[in-house]
Amino acid sequence: MMKKGLNIINVMIGAFTGIFIGHAIYLYRNIEFYKSRSIPWHEDLIYWGMVWLIEILVCMLIKYKIKKNFKEE
């Protein structure tokens, strides 16, 4: 049961990372859109990078709690 839970967390981490990388590529390729705005293109990337970091930290915390609970048993 523990392995299944950890595998799900690992898939979530991979999915979040893939989404972040895909979004970064999308932003870089559509740089023309950001030329018309007052903010640089990487400002949006910094925001989503912070969201990604929080998601990864939450997943790591859940992973730690699962491992800790199963070691106690």
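First, the ground rules. The model is predicted: local features need pLDDT of at least 70, side-chain atom pairs count only at pLDDT 80 or more, and totals for chains, interfaces and linings use all residues. Numbering runs from 1 along each chain as its sequence is written, and side-chain values use heavy atoms, with hydrogens and water left out.

Now the overall picture. The protein chain has three helices and zero strands. Along the sequence, the pattern reads α-α-α. Helices here are DSSP runs of H or I with at least four residues, strands are runs of E with at least two, and both are numbered from the N terminus.

Next, overall shape. The C-alpha atoms fill a box of roughly 60 × 15 × 10 Å along the principal axes.

What about burial? Buried residues make up 16% of the 73 residues. Buried means under 20% relative accessible area, exposed means over 50%, and partly exposed is in between, with a 1.4 Å probe and protein chains only.

Take helix α1. L6, I9, I13, A24 and L27 are buried there.

Over to helix α3. G49 lies in this helix. G49 is buried, at 16% relative accessible area. Its C-alpha atom is 9.2 Å from that of A24, 25 residues away along the chain.

Now the aromatics. How many aromatic pairs does a search of the whole structure find? Two. Rings of Phe, Tyr and Trp (its six-membered ring) pair if their centres lie within 6.5 Å; planes under 30 degrees apart are stacked, over 60 edge-to-face, the rest tilted.

Why is the pair of F20 and W52 stacked? Because the ring planes sit at 20 degrees, with centres 5.5 Å apart. This pair links distant parts of the chain: F20 is in α1 (residues 2-29), W52 is in α3, and they are 32 residues apart. F20 is partly exposed at 22%, and W52 is partly exposed at 24%.

The other pair is Y47 and W48. Their centres are 5.0 Å apart and their planes are at 75 degrees, so the pair is edge-to-face. W48 is partly exposed, at 36%.
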